[in-house]
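Dear colleague,

Please find below the structure for your review. My findings follow directly after it.

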Amino acid sequence: MAPATSTLRAEAGRGALPRRALAQYLRLLRLYPVLTKAATSGILSALGNFLAQMIEKRRKKENGSQKLDVSGPLRYAIFGFFFTGPLSHYFYLFLERWVPPEVPLAGVLKLLLDRVLFAPAFLLLFFVIMNFLEWPRIRAKADIYRALALSQALLPVHVILGEHLSYLTSGEAQAPG
């Protein structure tokens, strides 16, 4: 009977670490929301750039001829930490005050405001900052227009997902206690 008990404890212990990590993360979000979001954004931005480079390298089937650009994840970490995290935090706080949950279709309205106001300004800021961080390489204007067009072309997807996931920001979703 002892082996079954130890197996149950081991299985219960497997999920304990992710639950504790999530609880700690949520605690940090309550205590230091901007700093936590900035750090999260910086880490995820750097990781995203690193993964994009790995995928691009595999897509081109390059064995070792081209090394990864280690400055890329650093640039993205800087942008995520100093811009994405803090700006998103304050913009979405502003949206919560400007469009209260009682407004009909509040989630869709917030999403449209995000895509029409925030996304273009944020993309422009992204390209300006990345051009500064990548000096002397300058991105072409066509990159900016292409990124903005793609962002707006995905608006229907954002609306559909936003409406289905709006419960996450509505207060109905509770953090695990």
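On which residue is the kink in α3 centred? The kink, of about 45 degrees, is centred on Gly-80. Please bear in mind that this is a predicted model.

As to the overall arrangement, the protein has six helices and zero strands, so the order of elements from the N terminus reads α-α-α-α-α-α by the DSSP assignment. Of its 177 residues, 24% are buried. Among contacts with a separation of 6 or more, 62% join residues 24 or more positions apart.

The kink residue, Gly-80, is among the buried residues of α3, as are Phe-79, Thr-84, Pro-86 and His-89. The buried residues of this helix pack against α2 (33-59) and α4.

The largest nonpolar core has 13 residues, of which Phe-79 and Phe-126 touch the most other members. Two or more residues of this core come from each of α3 (71-98) and α4 (106-133), and α4 gives the largest share, nine residues. Leaving aside residues up to four places away in sequence, Phe-79 touches Thr-84, Phe-122, Leu-125, Phe-126, Ile-129 and Met-130.

Yours sincerely

Terms used:
Residues numbered from 1 in each chain as written. Predicted model: local features only at pLDDT ≥ 70, side-chain atom pairs only at ≥ 80, totals over all residues. Heavy atoms only, no water. Core = buried A, V, L, I, M, F, W, Y, C linked by side-chain atoms within 4.5 Å. Buried < 20%, exposed > 50% of the residue type's maximum accessible area, 1.4 Å probe, protein only. Helix = DSSP H or I, 4+ residues; strand = E, 2+ residues; numbered from the N terminus. Contact = heavy atoms within 4.5 Å. Bend = angle between axes of the 7 residues up to and from the residue.
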